[in-house]
Amino acid sequence: MDVFSQVVHDFSVLPSVESWTEAQTLFQQAASRKPNHWLLPVQACEAVGGAQDQAIPALLAVGCAHVGILLVDDMLDTDPRGAYHQLGMPAVSNLACAFQAAAVSAIGQCSQDPAACLVALTSFNAMFLSTAFGQFLDAATHAPVDESAYWLVTRTKSSPFFGAALQVGALAGGGTLTTAEGLKKLGGIYGEMIQIHDDMHDAMETPANPDWVQGRSPLPILFASLVSHPEQKRFLALSQNITEPAALEEAQDILIRCGAISYCADQLIQRYRIAKEILEGIALVEYASISSLLETVIAPVYKLLEATEQ
Amino acid sequence: MNMQDFYQQLSVKAEQPHQRRLDGLTRASRTQILHVTSELTWYIWGAEASSA
């Protein structure tokens with residue numbers, strides 16, 4: 001049984017959940033996609049010398065947290081693909097509360113050491129609070145008005161999840177509180193890298209990503225909208241008609257020419273360097289799994305830079 | 001360095017290898033960029049991550 005099947009089983013036997021078909025279905029659907037970030041606790045656990053099995057409760061907690069956060073996020077974003085369309089907002093709000101509680105319940109089982117469990121619970125609770133604030137900011141401002149607002153949303157809404165996921169994995173594997181704290185810090189930077197990467201993808205995909213249509217601003221779009229460059233006015237005009245394929249194509253070309261994509265690449269590289277420095281300062285049994293997380297994000301960026309250097 | 005400062009720096013002749021590469025990226029194709037970003041896209045807070 002792989003770890004995703006294992007956590008689907010473990011979720012299904014949680015008190016109350018065993019009789020809750022809708023909760024089980026949502027969790028099964030999410031787990032069937034085998035999200036990469038659910039495995040972060042396993043990677044941290046193994047990095048501190050723990051075995052994969054030790055990380056299962058932490059993995060379950062991260063999975064539950066992810067599903068619960070997504071349910072709320074889809075409602076705040078009025079995402080047409082959100083589960084609330086089938087189940088209704090009241091029921092989905094109720095389910096989101098349940099997933100958050102299930103996550104905390106799983107975290108309580110993540111270690112035999114009560115002190116480690118307490119730190120993990122505190123970390124997860126802080127992550128939930130920060131994420132909720134970040135979601136509120138994101139929804140309230142709709143689109144960030146300036147760059148600092150963008151980074152505030154990223155640091156409150158996205159990065160705490162990744163930090164907590166690595167921290168609880170390290171605690172589950174028997175890592176020291178100091179090591180777990182170091183991995184939490186690294187995870188926060190890693191989360192920012194993932195957010196920038198996703199933003200680049202959202203801005204460049206076709207047809208136009210809902211972020212364009214809803215007037216939201218992934219980092220490249222924010223750059224092209226705010227920075228004074230020769231094609232800024234043209235870009236803003238195209239953004240008003242972005243569902244037209246020709247307008248999207250031209251706007252995406254401007255994103256590249258004006259330096260918005262270059263800025264994202266530079267931001268990714270800066271964070272990669274910071275994360276590597278943090279990693280070098282953490283005492284781990286094996287570095288490969290954590291190091292590969294960073295390399296996987298940065299390798300395509302370096303490859304692209306080399307390909308376009310001439 | 002914020003966005004505006006970055007743009008100003010990108011506008012002057014690049015001397016360092018890193019700057020030259022970032023400048024070169026402004027001449028990439030849409031397909032090249034999308035290919036790279038598609039290699040690692042997690043949709044962390046998108047419905048794609050949870051919908052069947």
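**Charges across chain A.** Chain A carries 15 positive and 33 negative side chains. The centres of these two sets lie 5 Å apart. The model shown is predicted.

**The overall fold of chain A.** Chain A holds 15 helices and zero strands. Its radius of gyration is 20 Å, close to the 19 Å that the globule rule gives for 310 residues, so chain A is as compact as a globular protein of that length. The C-alpha trace spans about 60 × 45 × 30 Å along its principal axes. Of the 310 residues, 59% are buried. Among contacts between residues at least 6 apart in sequence, 70% join residues at least 24 apart. The accessible surface comes to about 12,300 Å², and carbon and sulfur atoms account for 56% of it.

**Helix H3 of chain A, residues 40-47.** Seven of the eight residues in this helix are buried, so the rest of the structure largely encloses it. Among them are A:Leu40, A:Val42 and A:Cys45. The cover over these buried residues includes helices H4 (56-76), H8 (147-172), H9 (177-204) and H15 (288-307) of chain A. A:Gly49 follows H3(A) and has a positive phi, near 100°.

**Cysteines without disulfides.** A disulfide is a covalent bond between the sulfur atoms of two cysteines. The whole structure contains zero disulfides. For A:Cys64, the closest cysteine sulfur is 13 Å away, in A:Cys110, which is too far for a bond. A:Cys64 is buried, at 0% relative accessibility. For A:Cys97, the closest cysteine sulfur is that of A:Cys64, 14 Å away and again too far for a bond. A:Cys97 is exposed, with a relative accessible area of 54%.

Definitions and conventions:
Residues are numbered from 1 along each chain as its sequence is written. Chains are lettered from A and ligands numbered from 1 in the order in which they are written. This is a predicted model: local features need pLDDT of at least 70, side-chain atom pairs count only at pLDDT 80 or more; totals for chains, interfaces and linings use all residues. Side-chain values use heavy atoms; hydrogens and water are left out. Buried means under 20% relative accessible area, exposed over 50%, partly exposed in between (1.4 Å probe, protein chains only). Helices (H or I, at least four residues) and strands (E, at least two) are DSSP runs, numbered from the N terminus. Contact means heavy atoms within 4.5 Å. A disulfide is a pair of cysteine sulfur atoms within 2.5 Å. The radius of gyration is taken over C-alpha atoms; the globule rule is 2.2 Å times the number of residues to the power 0.38. Accessible areas come from the Shrake-Rupley method with a 1.4 Å probe; for residues, only the protein chains shown count as cover. Lys and Arg count as positive and Asp and Glu as negative; His and the chain ends are not counted. The place of a charge is taken as NZ of Lys, CZ of Arg, CG of Asp or CD of Glu.
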